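Keep the viewer open as you read.

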Amino acid sequence: MIPPADIPLMTAGDRLVIVLAAILIAVLYAGLWRPSAAPAAVEYLAAGESGRLDLHPDRVVDLDGPLGTSRVQFADRGVRFIESPCDGKQCLHSGWLRRGGDFAACLPNRVALTVVAADRGYDAINY
Amino acid sequence: MPCVIRTGLLIILLAAGCGQPDRLYTSQFFAFGTLIEISLWDVTPDTARRAEARLLTAFQEWHDHWHPWESRDDTAGLAAVNRALARGESAPADSRLRAMIDAARPYYDDSAGLFDPAVGGLVRLWGFDRETAGPVPPPADNIGDWLENRPTFADIHIEDDRISSHNRKVQLDFGGFAKGYALDLAVAELDDLGVEHALVNAGGDMRVMGRPGDRPWRIGIRHPRQSGVLAGVELAGSESLVTSGDYERYFLFGGNRYHHILDPRSGTPADTTVAVSVIHSSAATADAAATALFVAGPDDWPDTARQLGVDCVMLIDSGGRIHLSDCMRGRLDFKFDPVRPLELTP
């Protein structure tokens, strides 16, 4: 429908809103939208207790379970098991965990690590 | 200026959408002899808490009922049944145990005994009932003794709610079935709570329901020897993914790997397969099939898969070659060239 000639297509208020919207979108984009967030932390489960550890800085952390101490190493924004009192050492074979959703566990010692990130690479690992 | 107000409200709503909180609730706990992970999409905090509590209780109860050797109650569960069978006596079968035995029997029949829960005695002989198996294989004479008058699932009889067997060697171990069966029950529990979108992961085997938002559940299948993922696969709706691998429980002796998936025909670990992955709507079916196809090996798995009614299969043989059914070929996103054999170390 063609509007009557005496009514403008866009009012001064509309223009103001469009300008404000453009500014708001730019601010939100700069402030909130980031490229796929790099994993920053790892969730651990040890002897029934859970918590979160930052992937940075590089260090070695001991996590205690019913069989003894599982030792995990943090380096280059990744984490891995380096010692565990289990026999199979499956957790050590899991290697470095760096991507969101990466997971390793020492089941006999009941210690588990899961890398968390805003964008999880996988929801779960099948093995 | 109503137009300004309307437009302003729209912008506020859009901006609120940018800051939408993560609607994926995840929880982990140890139960059932493994790590259980629950992922729930779009549920209230109260529903999430009730779901976690219910599944924790359920997995602990199932473990108590179905563990072949351990039980809090000496007179109930599979452990009590195995002790009675070893004495040549019958034992009461509670409804849950009987339901699992009845559910497992078709897979024993359809796989021509390649999936056989009556291998419990053999599992103990190899030490895979303990946290620490090995460090050496059992003497050949002991394996020969077990093979003589070999116990099978067909030797189990249920009458008047009592389990018995004429063969005292029968010891039931549902290690190749119970996890999948439990996953199906776990999803039923979540459904009962009104959960529509979930992933339940029990020690690397999983069943999903629905989808997390507008995408499917993304799963990585572990490389059998290296750290990292061999292939990615997407699951949605009512689907399960189960993998049986020689890397889960094993020991090395004399440069050879001795793992927990035993061939009931030879009494030794099935040595022509490294891993089998199965996708199926039922996790119980996928679990039983993964075990049976692993034992069947690279030559015979297609026939066994047909008999079991599974059509989404990946088998990696001991030479590192990847065998795929047509269904599975269309679903996997490989991180390695699937045509070239994988490099496998013992």
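B:Asp184 sits in helix H7 (residues 178-192) of chain B; helices here are DSSP runs (H or I) of at least four residues and strands (E) of at least two, numbered from the N terminus. The model is predicted, so local features need pLDDT of at least 70 and side-chain atom pairs pLDDT 80 or more, while totals for chains, interfaces and linings use all residues. Residues are numbered from 1 along each chain as its sequence is written, chains are lettered from A and ligands numbered from 1 in the order written, and side-chain values use heavy atoms, without hydrogens or water.

With a relative accessible area of 17%, B:Asp184 is buried (under 20%; exposed is over 50%, partly exposed in between, with a 1.4 Å probe and protein chains only). Its side chain reaches the backbone nitrogen of B:Ala283 at 2.9 Å, and a polar contact of 3.2 Å joins it to the side chain of B:Ser282 (N or O atoms within 3.5 Å, one able to donate a hydrogen and the other to accept it within protein; residues adjacent in sequence count only if both atoms are side-chain atoms).

Now to the largest nonpolar core, of 70 residues, where B:Phe59, B:Phe174 and B:Phe177 touch the most other members. Such a core joins buried Ala, Val, Leu, Ile, Met, Phe, Trp, Tyr and Cys residues through side-chain atoms within 4.5 Å. Helix H8 (residues 283-308) of chain B gives the most to this core, with 14 residues. Apart from it lies another core, of 37 residues, including A:Ala112 and B:Trp217.
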